[in-house]
Amino acid sequence: MSLELNINAAIKAAMLAKSEAELRALRAIKAAVLLAKTAEGGGAELTEADETKLLQKLAKQRKDSLEIFRQQNREDLAVKEEEELVVIERYLPKQMDEAELKAVITEIIATTGASSPADMGKVMGVASKQLAGKADGKAISTMVKELLAK
């Protein structure tokens, strides 16, 4: 079942449950999907990879906003962002933990023959493609820096 159909069904359930936070997040996802489908150059249907990218973008926006609101002591707004983030993350693929990420990146470093921090770009290119949707870009970057610095 496509993301759009899942979201439409979840919106109906959230309306019946009168769950404002969930409804807010689901409507944001639906709006993003509709924008992506109707965007110039966008296909009529989104691929699973496109849907994952879209959800990751929405999650990143919420995380960034959450951080800003917390810095500015706006807990009321931070709570809303956090509620939406929880709902968005339900539709994202399971993220790798640190140990799994380290194992995969170590393998990529061995495959590419990288040996110093100067080779970071080479490793990041492969890692970003291979780990798309499975790990956060920031986490990948941090792990690559850490492993190449040894």
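What follows is a short briefing on this chain, from its overall layout to single residues.

This is a predicted model, in which local features need pLDDT of at least 70 and side-chain atom pairs count only at pLDDT 80 or more, while totals for chains, interfaces and linings use all residues. Residues are numbered from 1 along each chain as its sequence is written, and side-chain values use heavy atoms, with hydrogens and water left out. The secondary structure of the chain comes to seven helices and zero strands, where helices (H or I, at least four residues) and strands (E, at least two) are DSSP runs numbered from the N terminus.

**Overall layout**

- Read from the N terminus on, the elements of the chain run α-α-α-α-α-α-α, and the C-alpha trace spans about 55 × 40 × 30 Å along its principal axes.
- The domain assignment gives domain 1 (3–90) and domain 2 (98–149), with bounds that come from an automatic or database domain assignment.
- The centres of domain 1 and domain 2, taken over C-alpha atoms, are separated by 28 Å.
- Among contacts with a separation of 6 or more, 60% are accounted for by residues 24 or more positions apart, a contact being heavy atoms within 4.5 Å.

**Surface and charge**

- Of the 150 residues in the chain, 34% are buried; buried means under 20% relative accessible area, exposed means over 50%, and partly exposed lies in between (1.4 Å probe, protein chains only).
- The chain exposes about 9,400 Å², of which carbon and sulfur atoms supply 56%; accessible areas come from the Shrake-Rupley method with a 1.4 Å probe, and for residues only the protein chains shown count as cover.
- There are 23 positive and 24 negative side chains, and the centres of the two sets lie 1 Å apart. Lys and Arg count as positive and Asp and Glu as negative, without His and the chain ends, and each charge is placed at NZ of Lys, CZ of Arg, CG of Asp or CD of Glu.

- In helix α6 (residues 120–130), the buried residues include M120, V123, M124 and A127. They cover an arc of only 100° around the axis, which puts them on the same side of α6; the arc is that of the directions from the helix axis to the C-beta atoms.
- An α-helix has 3.6 residues a turn, so residues three or four places apart point the same way.
- G121 and K129, on the other side of α6, are exposed.
- The cover over the buried residues of α6 includes α5 (98–112) and α7 (137–148).

- E84 has its place in helix α4 (residues 75–90), and with a relative accessible area of 8% E84 is buried.
- Not counting residues up to four places away in sequence, E84 touches A21, R24, A25 and R62.
- A49 belongs to helix α3 (residues 48–71) and counts as partly exposed, at 48% relative accessibility.
- A49 and M143 are 94 residues apart in sequence, and their C-alpha atoms are 23 Å apart in space.

**Two loop residues with positive phi**

- Most residues other than glycine have a negative phi, and most peptide bonds are trans.
- K18, in the loop between α1 (3–17) and α2 (20–38), has a positive phi near 55°, and K18 is exposed, with a relative accessible area of 70%.
- N73, in the loop between α3 and α4, has a positive phi of about 55° although it is not a glycine, and N73 counts as exposed at 67% relative accessibility.
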